[in-house]
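Subject: Structure for your files, with notes

Hello,

Here is the structure I said I would pass on. My notes on what turned up in it follow below.

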Amino acid sequence: MDVRTRLNAEQKNGIFFLLLSKAFERIAFYMVMAILMQYLTNGIGVEAKTAGIQYSLFYGMFVVGSLFSGWIGDVCDRIKFVKLGFLMMIVMYLLFVFIPNVNWLVVMVLLIMGFGHAIITPNQIVFLGNIYNEQGKEIKALPGFIWYSIIVSVAAMLAAFLANVLKNQLGYLAVFIAAFVFAGLALMCFLMFKKAYRKLDLVAEQKEDQTEVSIRRINKLILVAMISIGVLIRFVLNQKNLSFTFAMRDYLPNSIDLSWFTDGLLPYLSIMFLLIFLFVVSRLKRMNWKVIFNFILLGIAICVLACTLVLGYEPLSNIISGNVVFLNVMIMIVLSDSLLSSVMFYSVYRSSPLKHKGLFQGFSFLIVGLSSYIIILGVKMYENIGATVSFLILMGIMLASGVLMFGVKKSIGKE
């Protein structure tokens, strides 16, 4: 295998238009997500309980649909299938401008819109990974996955701002019209990506998987490990806005309000950490499994340290300010998330079988979605057994994930 360090022109064009398409698609998605519950309850008068069910159906379709759409992308023309997803998404955004307040119609539009996004997301990641691996030439792909995370983070921040401004100035329908426009831009960029992608001689397009049997066994072990610990790691990291925030509220009742930091600066801090991570990864000459596992273990260790700081708050607060303790806790959680998210997605792509990349990317999105649904368990745990035991459990989950990851690392040795 000839390992190159630089992308060729068509690869660069493909990555640029794919990520730009992703940015516009995420802006559209997050704009609608930002106002959907308000629109259902205040805009068209749906009861709060019914609106919650409709919102859950929309998000659930996105989560579960990702698994099936990834598999469908594997067995059919992935590009045509993703184009269909864009068209579904665009049409549904426009329908929201004209749809009457009929419950079953609203649900139908939400389900189709959710599945449209489900078609796009896992298959776009497969496209991204495929670009880095031409016939006989391979380039480390992790920087592309970090760029993907950066694009999604920036799009989420921009979408929340735009949705709020449009809703306040022009009303809810203006948000859906803007989402329609951004979705159209996303499709245009995807069509530009398609032109560059079709010109590449990709390993993903070969008829048979020519990977050595020993490498397949290693990849299978890694894939199982990633899937096993993925939901656990996401469950703990998703407690950033729940258990960790609750602990900060309870431990600092008489201290300054830190919402300016947690709500205002942490999203920017996440992007900064991703950019630093990108800088480091881009300068590595080789990206074998040992290096990847070290990144994962580092992310886990940082999260464990954050839990330890919460557990040791009482003695630490006698030495330094309690505000400083929790500022460091939240910074560590964001840093851990920045390290782990893109590496986990990349690891699933790299270890999954050649002809089932979409299926397992869909499975990884299913895991992320399931972890979002079970985060309420962290709240119940915190309320029922208290902060100390809760954070001991969260720390134990991350330690168990680290032990499993370390065991896999020792098992496969050097790639």
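I will start with the cysteines. The sulfur of Cys-303 has its closest cysteine sulfur in Cys-307, at 4.7 Å, and that is too far for a bond. A disulfide would need the two sulfur atoms within 2.5 Å. A search of the whole structure gives 0 disulfides. Cys-303 counts as buried because its relative accessibility is 0%. Cys-76, at 35%, counts as partly exposed.

Please keep in mind that this is a predicted model.

Overall picture

The chain has 415 residues, and 53% of them count as buried. It holds 14 helices and 3 strands. Of the contacts with a separation of 6 or more, 84% are between residues 24 or more positions apart. The accessible surface is about 18700 Å², with 67% of it belonging to carbon and sulfur atoms.

The core

The largest nonpolar core contains 140 residues, and Leu-142 and Ile-296 have the most contacts inside it. Beyond four places in sequence, Ile-296 touches Met-226, Leu-340, Val-343, Met-344, Ser-347 and Met-405.

Leu-142 comes up again in the surroundings of Ser-342, which also touches Phe-145, Ile-146, Ser-149 and Phe-277, again leaving out residues up to four places away. Ser-342 sits in helix H12, residues 322–351. Its relative accessibility is 1%, so Ser-342 counts as buried.

Helix H3 and its start

Helix H3 covers residues 78–98. Its 21 residues, at 1.5 Å each, should span 30 Å, and the end C-alpha atoms are 31 Å apart, so the two figures agree. The N-terminal end of H3 is capped by Asp-77, which places a side-chain oxygen 3.1 Å from the backbone nitrogen of Ile-79.

Ile-79 itself belongs to H3. It counts as buried because its relative accessibility is 2%. Outside the four places on either side in sequence, Ile-79 is in contact with Phe-127, Phe-190, Lys-194, Tyr-197 and Arg-198. Phe-127 is 48 residues from Ile-79 along the chain, yet their C-alpha atoms are separated by 8.9 Å.

A lysine in a loop

Is Lys-140 buried or exposed? At 19% relative accessibility, Lys-140 counts as buried, since the cut-off is under 20%. This lysine lies in the loop that runs between strand S3 (137–138) and helix H5 (142–170). A polar atom of the Lys-140 side chain is 2.8 Å from the backbone oxygen of Leu-284. Leu-284 is also among the contacts of Lys-140 beyond four places in sequence, together with Tyr-132, Val-281, Ser-282 and Met-287.

Phe-235

Phe-235 is part of helix H7, residues 213–237. With a relative accessibility of 9%, Phe-235 counts as buried. Its contacts, neighbours within four places aside, are Ser-371, Ile-374, Ile-375, Leu-377, Gly-378, Leu-394 and Ile-397. One of these, Leu-394, is 159 residues away from Phe-235 along the chain, while the C-alpha atoms of the two are 8.8 Å apart.

Those are my notes on the structure.

Regards

Notes
Residues are numbered from 1 along each chain as its sequence is written. This is a predicted model: local features need pLDDT of at least 70, side-chain atom pairs count only at pLDDT 80 or more; totals for chains, interfaces and linings use all residues. Side-chain values use heavy atoms; hydrogens and water are left out. A nonpolar core is a set of buried Ala, Val, Leu, Ile, Met, Phe, Trp, Tyr and Cys residues joined through side-chain atoms within 4.5 Å. Buried means under 20% relative accessible area, exposed over 50%, partly exposed in between (1.4 Å probe, protein chains only). Contact means heavy atoms within 4.5 Å. Helices (H or I, at least four residues) and strands (E, at least two) are DSSP runs, numbered from the N terminus. The expected span of a helix is 1.5 Å times one less than its number of residues. A polar contact is a pair of N or O atoms within 3.5 Å; within protein, one must be able to donate a hydrogen and the other to accept it, and residues adjacent in sequence count only if both atoms are side-chain atoms. Accessible areas come from the Shrake-Rupley method with a 1.4 Å probe; for residues, only the protein chains shown count as cover.
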